[in-house]
Every structure is written in C-alpha cells, then in structure tokens.
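Q: Please take a close look at the place where the two chains of this model meet. A connected account for a reader new to the structure would be welcome.

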Amino acid sequence: MKSNTFNYSLLAVGIAAVMGLSTGAIAGEQSTAGSASITNVASATYFVGGQEQKKVDSNPVVISITETVKFSLVATNIDGDNDPCCQIRRTKLGRF
Amino acid sequence: MKRFKILRNVLLATIASSSLLNIAHAEDALKMELTANQVIKNVEGKTVYTPVRTAPAGTVIQYKANYTNTVNKDINDLMVTLPIPANMTFTGDAMPASAQASTDGKNYADMPLMRKVDGKMVKIPYSEYRTLRWNIKLLPAKKSAAVALNTTVN
C-alpha cells in the first residue's frame, strides 16, 4: 500500500510564508523615486456614565506626496563678459 | 468519535469568536472617521474642499475627524487628538479654534504656543506643532460633531 507522503503541515507553512511576504510588500511604503506616503490617524478618549472607555482610533488616511522640482533658468549674463553667479568682474588684466 | 470531536471544536471556536465580536461591538460607543481634503480657493474666493490622495509640496490639506456617539448615553470629557504628520506644517487654522497644541504630543497648552527666549516670551513657530487636541465636555447620545486642522505639505 502506497503511503501518503504529502505533508499538509508543510503546505500550510508554505502558504503562510507566501501570504506573509505578499502582505508585507503591500504594507510597506510605496517608495518610488520622487514620492512618499504620509499616514495619519486620529484618536480619542472618552467617558460614558463616569466610566473611562477604551481609546478609539480612526481609520488611517494615507496621502502620497509627489516631489516636484521647480526651477527656472534666468539669463542675466547679457554680454558674456561677466560672471553673475560669482560676482566676479573680468578685466583685461584679469580678475579682481 | 473523531468526527464528533472535530465538530465540537468547530462549534466551540464559533461560539468563542462570536462572543468576542459582540464584546467588541458593545465597546464602540464612539465611532471616528478621518478624512483628508485639499483646500482650494475657487475663482469666487470661496474655500472648496476636495478629497485628496496625492499631493505635491505646497498643497494645503485639511484633516477632518468626524466622531459619532453610537449609543443612547451621553459621552463626557471626550478628548480628540489629531496629529500633524511629519513632512507637513500646521497652518494655524483649527476648527473649532479652542484646540490645544503640543510640540511633543505630551504637554498641551492653548494656542498660540509660547516659549521664553532670552527672557522674552515668543511664539513657537507652527512648524514645531506636532499634535492638536480638543476637549469636548459633552457629546449627546446619537449625535455627531467634527474637528479639523489645516496643514501644508513641506
């Protein structure tokens, strides 16, 4: 008689490991280049009939922040002789 | 006999879990929902709030906590705490304005927060505010209310 060598415990452990890994991947911050996630949760304490109740948390709210870089290039060097960046004036004899 | 044991265990587990769920429901006298909305001024100068999930730096976002008394008894001394997340700066707008603020999440004081610098009392910048708190003395049975604060994305 052929014995059943299939190990159900091993299968259960395998499935749990895979689910754990996938869940962890979802729970982790989605960190693509130039974006970040901000999570916020409100909380409250209160009394009913003079009895303090268990602290209540709200649902978490997640906002993805996109980092946009804004810059502009302004040409201030009209004649090409001076370097406006470093405030260095050039003369025929050199710099001063 | 073995099947009977399995059936018994399943029944016990079902009863235990349903009992736990009932207890959890009984404790939830307060329900709180947090929402985030982008604050926009339209062409008429009116402030409009639109739901937001993605925002660039500079966006003004309002966090609003709606809380509801779900039981037939009054709720007293309700303390609602709303954090100001990292990478966000409080704008100074809190609704209701009676909120207290904290820079460490432990010590609260009325706004504006002050501190002594060189013997003089100066205002603490909003960028250092980390948490706001509202103390609501009474929330009647089956009633709802809300608190909110505005932040800017850094």
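This is a predicted model: local features need pLDDT of at least 70, side-chain atom pairs count only at pLDDT 80 or more; totals for chains, interfaces and linings use all residues.

A: The account below begins with the contact between the chains and then turns to the sheets, the core and some details of the backbone.

The mean pLDDT of chain A is 67, and 33% of its residues reach 70 or more. Within chain A, residues 21-32 have a pLDDT below 50, and this stretch has three contacts in the model beyond near neighbours in sequence.

The contact between the chains draws 24 residues from chain A and 33 residues from chain B. On the side of chain B that touches chain A, at least two residues come from each of the strands S1 (30-41), S3 (54-56), S4 (60-69) and S5 (75-83) of chain B. S5(B) gives the most to this side, namely nine residues. Sorted by class, the side of chain B that touches chain A holds 23 nonpolar, five polar and five charged residues.

S5(B) also takes part in strand pairing across the two chains. Strand S2 of chain A, residues 43-48, runs antiparallel to S5(B), and five bridges join the two. Within this pairing, Ser43(A) has Thr81(B) of S5(B) as its bridge partner.

S1(A) and S5(A) run antiparallel and are joined by six bridges; among the residues concerned, Ser35(A) has Thr66(A) in S5(A) as its bridge partner.

Chain B has an open sheet of five strands with antiparallel pairing, in the order S2-S1-S4-S12-S6. Strand S2 (47-51) and S6 of chain B each have a single partner strand, so each is left with one side that has no neighbour in the sheet. Neighbouring strands of this sheet are turned against each other by 35° on average, direction ignored. S1(B) and S4(B), which both supply residues to the side that touches chain A, pair in the antiparallel sense over nine bridges. One of the residue pairs between them is Asn37(B) with Gln62(B), the latter in S4(B). S1(B) also pairs with S2(B), in the antiparallel sense and over five bridges; here Ile40(B) has Val48(B) as its bridge partner in S2(B). S1(B) and S2(B) form a hairpin with five residues between them, and Gly45(B) in the turn has a positive phi of about 85°.

The largest nonpolar core brings residues of both chains together. It has 36 residues, of which Ala44(A), Tyr63(B), Ala65(B), Val80(B), Leu82(B) and Leu149(B) touch the most other members. At least two residues of this core come from each of S2 and S5 (61-66) of chain A, and likewise from each of S1, S4, S5, S6, S11 (131-139) and S12 (144-153) of chain B. In soluble globular proteins, nonpolar side chains tend to be buried together. Tyr63(B) illustrates the link between the chains: leaving aside its neighbours within four places in sequence, its contacts include Asn40(A) and Val61(A). From chain B, the contacts of Tyr63(B) include Leu34(B), Ala36(B), Leu82(B) and Leu149(B).

Some loops of chain B complete the picture through their backbone. Most residues other than glycine have a negative phi, and most peptide bonds are trans. A cis peptide bond, with omega about -10°, joins Met95(B) and Pro96(B); Pro96(B) has its place in the loop between S6 (88-95) and S7 (100-102) of chain B. Another cis peptide bond, with omega about 0°, joins Met111(B) and Pro112(B), and Pro112(B) lies in the loop between S8 (109-110) and S9 (114-117) of chain B. Asn87(B), a residue other than glycine, has a positive phi near 70°, and its place is in the loop between S5 and S6 of chain B. Asn87(B) counts as partly exposed because it has 14 C-beta neighbours inside 10 Å. Asp118(B), also a residue other than glycine, has a positive phi near 55° and is found in the loop between S9 and S10 (120-123) of chain B. Asp118(B) is exposed, with 5 other C-beta atoms within 10 Å.

Conventions: Residues are numbered from 1 along each chain as its sequence is written. Chains are lettered from A and ligands numbered from 1 in the order in which they are written. Two residues are in contact if their C-beta atoms, placed from the backbone, lie within 7 Å. Helices (H or I, at least four residues) and strands (E, at least two) are DSSP runs, numbered from the N terminus. Ala, Val, Leu, Ile, Met, Phe, Trp, Tyr, Cys and Pro count as nonpolar, Asp, Glu, Lys and Arg as charged, and the others, Gly among them, as polar. Two strands pair if DSSP finds at least two bridges between them. pLDDT is the predictor's confidence in each residue, from 0 to 100. A residue is buried if 20 or more other C-beta atoms lie within 10 Å of its own, exposed if 12 or fewer, and partly exposed in between; C-beta atoms are placed from the backbone. Axes are lines fitted to C-alpha atoms, for helices over the stretch in contact, and angles run from 0 to 180 degrees between N-to-C directions. A nonpolar core is a set of buried Ala, Val, Leu, Ile, Met, Phe, Trp, Tyr and Cys residues joined through C-beta atoms within 7 Å.
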